[in-house]
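Hi,

Here is the structure I promised to pass on.

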Amino acid sequence: MTDIVSQDIEWVIKDLQKFSNKLEGKNILIVGGKGFLGTYFVKILQTLNKSFTKPCKIIVLDNLITAKHKETFDDSNTKFIEQDISKKFDIEDDLDFIIHSASIASPIVYRKFPLKTIDVNYQGTRNLLELARQKNIEGMLLLSSSEVYGDPAIVPTPESYWGHVSCTGPRACYDESKRLAETVAILYSQLYNVPIKIARPFNVYGPYLNLEDGRIIPDFIKNSLDHSEIIIHSDGTPTRSFCYVTDAMKAFFKILLLPPGGSIFNVGNDEEISVHGVAETIKKIINPSIKIKIQKSSDPNYVIDNPQRRCPNLEYITNTLDFIPEISLQQGIERIYSWYKVNSN
Ligand SMILES: NC(=O)c1ccc[n+]([C@@H]2O[C@H](COP(=O)([O-])OP(=O)(O)OC[C@H]3O[C@@H](n4cnc5c(N)ncnc54)[C@H](O)[C@@H]3O)[C@@H](O)[C@H]2O)c1
């Protein structure tokens, strides 16, 4: 583990001190566990295991469709199973918790595989909910997305906002199937008492985020490293809000460990910044002499239905879980850049 990742994990574990005993000795399924957030879930649990008298058993599922990095999770309490969750499958172990972090989250990849994106978000989620029901689990966390809000009319956006989403546009395969994943999850909670919790992450970033998958921060860092210029494919005015992975992980674990009750939480940072502002921040950190260029994407769908503003209203999560994001965009980008310098894939 690099220093950056070890320190990230230490911060999260310190924050979870009061709750983490609830995970001791449990069997925990991490789905999409070879992805960016999945890898953090696994590493946090593996590190917690060092302090547990009875370690938890970690079962990682992933079909590796977008998993890029070479982490092997060598550890006697961790087992990896290659599995597409949209197909029928079974897990022989008992399960206490399920963390559902599988999806095709990269806009480049979901436009390439729109039907597989719908399959993992709907059928994959439904298969996991069925598994959760059979195993009578204690808690299941579904990572949904801020994309359920589409291009929102209310910003900062609260959880109660219904969304403004195209059901036929180029982003619909992701946005609409995330919305359906939430619908089916809430139904399993109402009909079968599956203890589901839903988090809607807003642009989470950090080490292990694939440099190639078209999300803004890795994309701009890759541009800077490869071409000494940052290429913006919109006019630079849309806004986003970026949450460093440690802040998001603290929230995810606290949500998972809440008592049952169908809760839905925005998880993010409410520091809103334009895409151009992000490019400026990255330029300052990496190399102040690089240029920022506005250039149409070769993909005509790139900016279609692109949300103009994206910022979470954090009132509910702050009041319920005392959640306050701590890492600024500047600090977070310095951390991810240090990590990419030694780990770019
Ligand atoms: N990172 C963010 O900013 C962000 C924002 C909103 C929502 N989310 C959601 O959080 C979750 C994790 O995101 P991430 O950033 O770690 O993405 P990621 O792409 O790094 O990880 C997703 C993992 O899911 C796996 N996967 C995809 N389809 C699968 C299938 N059918 N069966 C099994 N595994 C499958 C992929 O191989 C990958 O390893 C996703 O559900 C994503 O939609 C993330």
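**Around the ligand**

Start with Leu37: one of its backbone N or O atoms sits 2.8 Å from an oxygen atom of the ligand, which makes a polar contact (a pair of N or O atoms within 3.5 Å; within protein, one must be able to donate a hydrogen and the other to accept it, and residues adjacent in sequence count only if both atoms are side-chain atoms). Before you go further, bear in mind that this is a predicted model, where local features need pLDDT of at least 70, side-chain atom pairs count only at pLDDT 80 or more, and totals for chains, interfaces and linings use all residues. Residues are numbered from 1 along each chain as its sequence is written, and side-chain values use heavy atoms, with hydrogens and water left out.

A polar backbone atom of Thr66 is 3.2 Å from an oxygen atom of the ligand, and a backbone N or O atom of Ile85 lies 3.0 Å from a nitrogen atom of the ligand. On its own the ligand would expose 820 Å², and the protein buries 96% of that (Shrake-Rupley areas with a 1.4 Å probe; for residues, only the protein chains shown count as cover).

There are 28 residues around the ligand, and Asp62, Asp84, Tyr174, Val204 and Arg215 come nearest (near here means a heavy atom within 4 Å). The shell splits into 13 nonpolar, 10 polar and 5 charged residues (Ala, Val, Leu, Ile, Met, Phe, Trp, Tyr, Cys and Pro count as nonpolar, Asp, Glu, Lys and Arg as charged, and the others, Gly among them, as polar).

**Inside the protein**

The largest nonpolar core has 72 residues, and Leu23, Phe41, Met249 and Phe252 have the most contacts inside it. Such a core is a set of buried Ala, Val, Leu, Ile, Met, Phe, Trp, Tyr and Cys residues joined through side-chain atoms within 4.5 Å. Another core, of 30 residues, lies apart from it and includes Val120 and Leu128.

Now for Gly332, in helix α10 (residues 329–343) (helices are DSSP runs of H or I, at least four residues, and strands are runs of E, at least two, numbered from the N terminus). Is Gly332 buried or exposed? It counts as buried because its relative accessibility is 0% (buried is under 20%, exposed over 50%, partly exposed in between; 1.4 Å probe, protein chains only). The C-alpha atoms of Gly332 and Gly206 are separated by 7.2 Å, although the two are 126 residues apart along the chain.

Cheers
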